[in-house]
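Dear colleague,

I am handing over the structure that follows, and below it I have set out what was found. Please read the notes with the structure open beside you.

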Amino acid sequence: MRFTSPLFLLLLLFLPITVWLGYPAAGQSRKREPTSLILRLVIVLCLILAISGLEIVQSGDNLAVVFLVDVSDSMPQQAVDAEVGYILEALQSMGVDDQAAVILFGADALVERPMSALNELAEITSVPITNQTDLAEAIQLGLAMFPSGFAKRMVILSDGAETTGNAARPPNSLQLPMRRSSLSRL
């Protein structure tokens, strides 16, 4: 459990004032007065926790990986074969509860393998348009494939030469920290 804005927890200091203002007078003996006070306290407490940004964080060992494979014309066949070899090796080292998906992309992005726990890759049959490279579209498709409740990883196997789209600047609704790493020449 964590708070995104813990400074708002100082509002909890107003709970005694809420109790004092809502406490039934001495002459009143109705049963609904204490119930009303308890409900008000619960509502105020929930509001304070919501404003404070209460998050319940669950850790898990389940991992979901999406492999984005560039098969555009800028990638020589030898590099594509090396990418597939890398994916096969990674699938063999997957844990029991892990899942992986494979997306081939060029000018468009196609799902070669949906999210699955199998540790093997069938023969590649998808044929995307290869005259351009649109990494941004492939990333968006990959993000849509992630299941909930899993740690999410995306592995991009590409030369990084985009001809359409802009993966370095995602749309406003999609703000991801991007870490660039260079692969050795395949």
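I would begin at helix α4, where Asp-134 caps the N-terminal end, with a side-chain oxygen that lies 3.4 Å from the backbone nitrogen of Ala-136. Please keep in mind throughout that this is a predicted model, and that the distances quoted here are computed from it.

Asp-134 itself has its place in the loop between β5 and α4, and at a relative accessible area of 12% it is buried, since the cut-off for a buried residue is under 20%. Once residues up to four places away in sequence are set aside, Asp-134 touches Phe-105, Gly-106, Ala-107, Thr-164 and Gly-165. With one of these, Thr-164, the separation along the chain is 30 residues, while the separation in space is 5.0 Å, C-alpha to C-alpha.

Helix α4 covers residues 135–145, and its buried residues are Leu-135, Ala-136, Ala-138, Ile-139, Gly-142 and Met-145. What do the buried residues of α4 pack against? They pack against four strands, namely β3 (63–70), β4 (99–105), β5 (109–116) and β6 (151–157).

Two residues in those strands deserve a separate look. Asp-70 is found in strand β3 and is buried, with a relative accessible area of 0%. Its side chain makes a polar contact with the side chain of Ser-158, at 2.8 Å. Leaving out residues up to four places away in sequence, Asp-70 touches Met-75, Val-80, Glu-83, Phe-105, Thr-133, Leu-157, Ser-158 and Asp-159. Pro-114, by contrast, lies in strand β5 and is exposed, with a relative accessible area of 52%. Apart from its neighbours within four places in sequence, Pro-114 is in contact with Ala-100, Ala-101 and Met-145, and Met-145 is one of the buried residues of α4. Between Pro-114 and Val-66 there are 9.1 Å in space, C-alpha to C-alpha, although the two are 48 residues apart in sequence.

Ile-129 is found, like Asp-134, in the loop between β5 and α4, but at 47% relative accessibility Ile-129 counts as partly exposed. Thr-163 is found in the segment after β6 and is exposed, with a relative accessible area of 52%. Beyond its neighbours within four places in sequence, Thr-163 is in contact with Gln-132 and Thr-133, and Thr-133 is also among the residues that Asp-70 touches. The C-alpha atoms of Thr-163 and Ala-107 are separated by 8.4 Å, the two being 56 residues apart along the chain.

The other helix packing to report is that of α1 (residues 15–22) with α2 (residues 32–51), which meet at an angle of about 155°, with their axes 10 Å apart. That angle makes α1 roughly antiparallel to α2, because angles over 145 degrees are counted in that way. The crossing of the two helices is right-handed. Which residues of α1 and α2 meet there? From α1 they are Leu-15, Thr-18, Val-19 and Gly-22, and from α2 they are Leu-37, Arg-40, Leu-41, Val-44 and Leu-45. By class, this contact has six nonpolar, two polar and one charged residues.

Finally, for the chain as a whole, there are four helices and six strands, which follow the pattern β-α-α-β-β-α-β-β-α-β when read along the sequence. Of its 186 residues, 30% count as buried.

With kind regards

Note on methods: Residues numbered from 1 in each chain as written. Predicted model: local features only at pLDDT ≥ 70, side-chain atom pairs only at ≥ 80, totals over all residues. Heavy atoms only, no water. Axes fitted to C-alpha atoms, helices over the stretch in contact; angles between N-to-C directions. Parallel < 35°, antiparallel > 145°, perpendicular 65-115°, else oblique. Left-handed = near helix turned anticlockwise from the far one by under 90°. Contact = heavy atoms within 4.5 Å. Nonpolar A, V, L, I, M, F, W, Y, C, P; charged D, E, K, R; others polar. Buried < 20%, exposed > 50% of the residue type's maximum accessible area, 1.4 Å probe, protein only. Polar contact = N/O pair within 3.5 Å; in protein donor to acceptor, adjacent residues only side chain to side chain.
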